[in-house]
Amino acid sequence: MDKPAIAIPSPVLYVGAFVLGGIGQFIWRVPMPEERAALWIGLLFFALGVAVSLQGLIVLARNHTPVDPSRPVTAVVTQGPYRWSRNPLYLGQTAMYLGAALFWHLTWSVILLVPVVLIVHYKIIKPEEAYLQKKFPDTYPAYQRRVRRWL
């Protein structure tokens, strides 16, 4: 099959964990230190996440490569944010999640980000990398040697 074996779409994982953290915060409020600073830091992270994600989506569209991992990849994209991160969309989602959690002072959502990133790493990125190594045996390993996984 010409697609990576991904367990769960990343947006579902991020949104699900964020909502679960919000419910947890409603049930058992855990204060966030420096709430005023968290608000501004949250806005910054969210804005950076949106910028990185949009730039990544634009570059994928220009290269006619689908975002949806259930569709076959057509090329190894190395322009835009893919010059410095192999996974700018996951990086952007992580930054948006963290930014929103800080902005709304959802301490439980911040805590849940740790398992979310681990699941993204092992259940999404690793299968995608295996798929790309198999589909592009010359191009992708060379790209992996040049560009870091996250930052």
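The exercises below work through a predicted model, one group of residues or helices at a time.

**Exercise 1. How do helix 2 and helix 3 pack, and is their arrangement roughly parallel or roughly antiparallel?**

Solution. 
- Step 1. Two packed helices are described by the angle between their axes and the distance between the axes.
- Step 2. For helix 2 and helix 3 the angle is about 155°, and the axes are 7 Å apart.
- Step 3. Angles over 145 degrees count as roughly antiparallel. Helix 2 and helix 3 are therefore roughly antiparallel to each other.
- Step 4. The crossing of helix 2 and helix 3 is left-handed.
- Step 5. In the contact of helix 2 with helix 3 there are 18 nonpolar and 7 polar residues, and no charged ones.

**Exercise 2. Describe helix 3: what is its span, how many of its residues are buried, and which residue with positive phi follows?**

Solution. 
- Step 1. Helix 3 covers residues 88–103, which is 16 residues.
- Step 2. From first C-alpha to last, helix 3 reaches 22 Å, close to the 22 Å expected at 1.5 Å a residue.
- Step 3. His 105 follows helix 3, and its phi is positive, near 55°.

**Exercise 3. Where is Gly 22 placed, and which residues beyond its sequence neighbours is it in contact with?**

Solution. 
- Step 1. Gly 22 belongs to helix 1, residues 10–27.
- Step 2. The relative accessible area of Gly 22 is 23%. Buried would require under 20% and exposed over 50%, so Gly 22 is partly exposed.
- Step 3. With neighbours within four places in sequence left aside, Gly 22 is in contact with Leu 106 and Ser 109.
- Step 4. Thr 107 is 85 residues from Gly 22 in sequence, while their C-alpha atoms are 8.4 Å apart in space.

**Exercise 4. In which loops do Glu 34 and His 64 lie, and are these residues buried or exposed?**

Solution. 
- Step 1. Glu 34 is in the loop between helix 1 and helix 2, the latter being residues 35–62.
- Step 2. Glu 34 has a relative accessible area of 63%. The cut-off for exposed is over 50%, so Glu 34 is exposed.
- Step 3. Phi of Glu 34 is positive, near 50°, although the residue is other than glycine.
- Step 4. His 64 lies in the loop between helix 2 and helix 3.
- Step 5. The relative accessibility of His 64 is 66%, so His 64 counts as exposed.
- Step 6. His 64 is not a glycine, yet it has a positive phi of about 55°.

Key:
Residues numbered from 1 in each chain as written. Predicted model: local features only at pLDDT ≥ 70, side-chain atom pairs only at ≥ 80, totals over all residues. Heavy atoms only, no water. Helix = DSSP H or I, 4+ residues; strand = E, 2+ residues; numbered from the N terminus. Expected span 1.5 Å × (residues − 1). Buried < 20%, exposed > 50% of the residue type's maximum accessible area, 1.4 Å probe, protein only. Contact = heavy atoms within 4.5 Å. Axes fitted to C-alpha atoms, helices over the stretch in contact; angles between N-to-C directions. Parallel < 35°, antiparallel > 145°, perpendicular 65-115°, else oblique. Left-handed = near helix turned anticlockwise from the far one by under 90°. Nonpolar A, V, L, I, M, F, W, Y, C, P; charged D, E, K, R; others polar.
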